[in-house]
Amino acid sequence: MRKRIALLASGGGSNAEALMQAMRAGEIDAEPVLLFSNVAGAGALEKAARQGVPTAVLPHQGFASREAFDAAVLGLLAPYRADYLCLAGYLRILTPGFVQAYAGRILNIHPSLLPDFGGPGMHGHHVHQAVLAAGVAASGASVHLVDAGVDTGSIVLQQSVPVLPGDSPASLAARVLGIEHQVYVAALKKLCGGA
Ligand code: GRF
């Protein structure tokens, strides 16, 4: 049975776009049923609209608590009956209630070789800065299932890239992003099947 996928993104959405394209091309046995964003005007929304994927926006500002916001998002998602949620640059830490509602069915991509360089505060350029400061020879991308912790769930797939002499956080981020799309597509395919 074709799986139903909802994508959650806060930013440009290049990972979300790669996933939507792979589903639409029949490479993954799944269909994108919704792209949700907590940021009005996020690039991800436009990318979804271009592919005819339904979109929804709910800004998190104005909610009294993280729990109240997540409850509203759960309500918004419910009618789409998603089998999996793919977090793709979704810059919100999920509450335990949210994770529980989709236990074992939430995927995230993180731009390092987890468990290294993950955890609270490790997002965006902070990750790549920490990798460079540690002087390691390789970094990469990890797709993992989301559990109650931050970046702690079981790893579905990861792939490495070299850290090169003279790398800046930006150049390393670009190299990692280049493989993120392939890794995320391969990970979703692993869970849903596909050609
Ligand atoms: C990616 O680096 C991803 O690993 C991280 O957020 C970034 C999102 O990029 N979680 P994009 O919006 O998919 O282009």
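**View 1. Helices α5 and α6 in this predicted model are roughly perpendicular to each other.** Here you can follow helix α5 (residues 125-134) as it packs against α6 at an angle of about 110°, their axes 9 Å apart. Angles from 65 to 115 degrees count as roughly perpendicular, so this pair falls in that class. On the α5 side, look for His125, His128, Gln129, Val131 and Leu132, which meet Pro169, Leu172, Ala173 and Val176 of α6. Sorted by class, this contact of α5 with α6 holds six nonpolar and three polar residues, with no charged ones.

**View 2. Helix α1 packs against helix α6.** Now turn to α1 (residues 14-24) and α6 (residues 169-192), whose axes are 9 Å apart and meet at an angle of about 40°. That angle makes α1 oblique to α6. The crossing of α1 and α6 is right-handed. From α1 come Ser14, Asn15, Ala18, Leu19, Ala22 and Met23, while α6 brings Leu177, Glu180, His181, Tyr184, Val185 and Leu188 to the contact. By class, the residues where α1 meets α6 are eight nonpolar, three polar and one charged.

**View 3. Phenylalanine 36 and tyrosine 90 form an edge-to-face pair.** The ring centres of phenylalanine 36 and tyrosine 90 are 6.2 Å apart and the planes lie at 65°, so the pair counts as edge-to-face.

Methods:
Residues numbered from 1 in each chain as written. Predicted model: local features only at pLDDT ≥ 70, side-chain atom pairs only at ≥ 80, totals over all residues. Heavy atoms only, no water. Axes fitted to C-alpha atoms, helices over the stretch in contact; angles between N-to-C directions. Helix = DSSP H or I, 4+ residues; strand = E, 2+ residues; numbered from the N terminus. Parallel < 35°, antiparallel > 145°, perpendicular 65-115°, else oblique. Left-handed = near helix turned anticlockwise from the far one by under 90°. Contact = heavy atoms within 4.5 Å. Nonpolar A, V, L, I, M, F, W, Y, C, P; charged D, E, K, R; others polar. Phe/Tyr/Trp six-rings, centres within 6.5 Å; stacked < 30°, edge-to-face > 60°.
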